[in-house]
Amino acid sequence: MSDIIQLLPDSVANQIAAGEVIQRPASVAKELVENAIDAGASHIKINLKDAGRTLIQVSDNGCGMSDTDARMAFERHATSKIKAANDLFAIRTMGFRGEALASIAAIADVELHTKQHDQEIGTMIHISGSNLLKQEATSCANGTNFLVKNLFFNVPARRKFLKSNAAELKHIINEVQRVALANPDIAFSLIHNQQTVYELGLDNIRKRIVALFGKNSTQNLIPVNTDTSLVKITGYIGQPKHARKTFGEQFFFVNKRFMRHPFFHRAVMQAYEKILPPDSIPSYFLFFEVKPENIDINIHPTKTEIKFENESAIWQMIKATVRESLGKHNVIPSIDFDQAGSLDIPVASRNTGNIRPPQIKIDPTYNPFETEKKQSGGSSNPSSPKDQSQTQHWEKLYQDFEKADPADELPISQPDETSGEIRHEDTFSGKTFIQFKNKYILTPVKSGLMVIDQKRAHERILFETFMAVIESQETVSQQQLFPHTFDLNAADAELLRSVLDDLKALGFDIRDFGNNSFIINGTPGILDNSSPLSVIESLLEDIKSSASDLKEKAREKVAASLARASAISYGSSLKQEEINQLIDQLFACATPNFSPTGKQVLTIVPIEHFEKLLK
Ligand code: ADP
Ligand code: MG
């Protein structure tokens, strides 16, 4: 019998290797940006078309390559970063396996322009599907400029598995966030379809976090700092009250490399134990510095899984240092949590992920701020007398809070099902509600002063109403007199398309005109007169800034975002009648204590607090 084993041609071997390293456009962006960092660049520009399907361009002002190196760079196992096996234990560069460029060139059309700073002339190389099409001298800027076009053009199966542009763009943004956080001393630009997504100048880490995640996060950041012989941990953690229900702002870095580490994640979660709203995850940006020989980076082709030598000691250190920072910043109240169990704010439903439709009949056209409707609306009003059973749990607030500590973050427990039914009229009738700074509503209760955040309260009410509307499938759409047409950029259009069905279930009548144009013919009756376009815009922003995969709980997400977008804002002055209705409706909700995104809606300042103040 003749021999049958052959060596695979390089192009095939590279394509197979590419399957491991390059899963999607974001992987290309990551590899090219890491190369630019290794080349010592101080400014890296990423330019994308169609979420990277059509073009991923990464240009840097790093050291550049000679003409021979430029050609060599595309060979498999070609690297300038390590020479011998021993070097694997002292890695300071992002890359070292020498397979990224070979992989990318095997499955795309790649153009490289590169020039070393001390050279007059640079090199241009064009490779497509591992075939060298052109190499020539060229005049170009110092540094390196890669253009990767038509990714997976020769691997249709891969191309087919790509998700929507919105999802692929999100992956790229995630990768850019990671390298940008790890390298605040490098300027980054990210452009998608000619629109600037990020323009990041040289920053310190705190400023970089704020630049990436929004200006509100600065007062939200608590510094962390520990230096031991084993590991140095620095960075920031988020206030528990700003923790979100979705993943997205949890980052570990080791020696400037992003890593996933579910085990260390649990250490952080344990440090936050009992001070988080239900089902929420605090943000954290933690940077570890360890001796390179104490970690193994080379256990996964994408190098995001990293093995530590002293994992359990570091685990303890993370928990202790996070806990200490929380304590220093007075986030952990000085009460013994084990005893505090009985003092909890009752919550009717712990998990908004599973929200029960409130047992109230919803009138989708009901607007809490139209007083006339309330009077004639009769039984459709969520706070009408026959629905009083809804209010029994929150009443426990007043009884239990007499013993409560003046902590602003309180642990949460399940409601006490046996609590006696107290009608909310009994407590609130004749009560005064004062609007404070057009932001809070204050009202005296048995144990002190209740403070309610007006916007969050309204978000909670709208959210439960929207969920009930979706579940009852009784949508009422109000046709617009003047339909609005609007255009979106490609990424936003993609995002909107992915939620059109959910929006329809809520009463939006939006048509896709093609070419990223849309027309709004109708809006949910429940929305007040706020401009539907601005509601859609803030809805898209909100979905973009949240990390979760949209497919999961899409309806709930849309309901929460819509509630956020359409809730009364801070600064709106409310009439007494409006305040009364807001309070009525809030306590008819299944989960009045938390906004749909898990923020605290209300708190009680205990009477002793005032006594102490006026001692
Ligand atoms: P690795 O990064 O693991 O070494 P790559 O395939 O990503 O492997 O790159 C191969 C080589 O090409 C690198 O070792 C480096 O010498 C060179 N190179 C790649 N990108 C750049 C760049 N942007 N600037 C300078 N040199 C680069
Ligand atoms: Mg590399």
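The legends below describe an overview and several close-up views of one predicted protein model with a ligand.

In this predicted model, local features need pLDDT of at least 70 and side-chain atom pairs count only at pLDDT 80 or more, whereas totals for chains, interfaces and linings use all residues. Residues are numbered from 1 along each chain as its sequence is written, chains are lettered from A and ligands numbered from 1 in the order in which they are written, and side-chain values use heavy atoms, with hydrogens and water left out.

**Figure 1. Overview of the protein, with its 19 helices and 24 strands.** Helices (H or I, at least four residues) and strands (E, at least two) are DSSP runs, numbered from the N terminus. Of the 615 residues in the protein, 54% are buried, where buried means under 20% relative accessible area, exposed over 50% and partly exposed in between (1.4 Å probe, protein chains only). Among contacts (heavy atoms within 4.5 Å) between residues at least 6 apart in sequence, 71% join residues at least 24 apart. The accessible surface comes to about 28,400 Å², and 50% of this surface belongs to carbon and sulfur atoms; such areas come from the Shrake-Rupley method with a 1.4 Å probe, and for residues only the protein chains shown count as cover.

Figure 2. Leaving aside residues up to four places away in sequence, isoleucine 104 touches Ile22, Val28, Glu31, Leu32, Val110 and Val148. Phenylalanine 152 stands 48 residues from isoleucine 104 in sequence, and their C-alpha atoms are 9.1 Å apart in space.

**Figure 3. The aromatic cluster formed by Phe252, Phe263, Phe264, Tyr284, Phe288, Phe308 and Trp315.** Rings of Phe, Tyr and Trp (its six-membered ring) pair if their centres lie within 6.5 Å, and planes under 30 degrees apart count as stacked, over 60 as edge-to-face and the rest as tilted. By this rule there are 17 aromatic pairs. One of them joins phenylalanine 263 and tryptophan 315 in a tilted arrangement, 6.0 Å centre to centre with 35° between the planes. Phenylalanine 263 belongs to helix α8 (residues 262–271) and tryptophan 315 to helix α9 (residues 311–328), so this pair ties together parts that are 52 residues apart in sequence. Phenylalanine 263 counts as partly exposed because its relative accessibility is 30%, while tryptophan 315, at 12%, is buried. Phenylalanine 288 and phenylalanine 308 form an edge-to-face pair, with 6.2 Å between centres and 65° between planes. Because phenylalanine 288 lies in strand β13 (residues 284–289) and phenylalanine 308 in strand β15 (residues 307–308), the pair ties together parts that are 20 residues apart in sequence. Both phenylalanine 288 and phenylalanine 308 are buried.

**Figure 4. Charged side chains over the rings of phenylalanine 258 and tyrosine 570.** A charge sits over a ring if NZ of Lys or CZ of Arg is within 6 Å of the ring centre and within 35 degrees of the ring normal. The charged end of arginine 178 is placed in this way over phenylalanine 258, 3.9 Å from the ring centre, and that of lysine 439 over tyrosine 570, 4.9 Å from the ring centre.

**Figure 5. Residues around ligand 1.** There are 20 residues around the ligand, of which Asn35, Thr79, Ser80, Lys81 and Gly98 come nearest; a residue is counted as near if one of its heavy atoms lies within 4 Å. A polar side-chain atom of lysine 81 lies 2.7 Å from an oxygen atom of ligand 1, and a backbone N or O atom of glycine 98 also lies 2.7 Å from an oxygen atom of ligand 1. A polar backbone atom of alanine 100 is 3.3 Å from an oxygen atom of the ligand. Of the 530 Å² of accessible area that ligand 1 has on its own, the protein covers 92%.

Key: A polar contact is a pair of N or O atoms within 3.5 Å; within protein, one must be able to donate a hydrogen and the other to accept it, and residues adjacent in sequence count only if both atoms are side-chain atoms.
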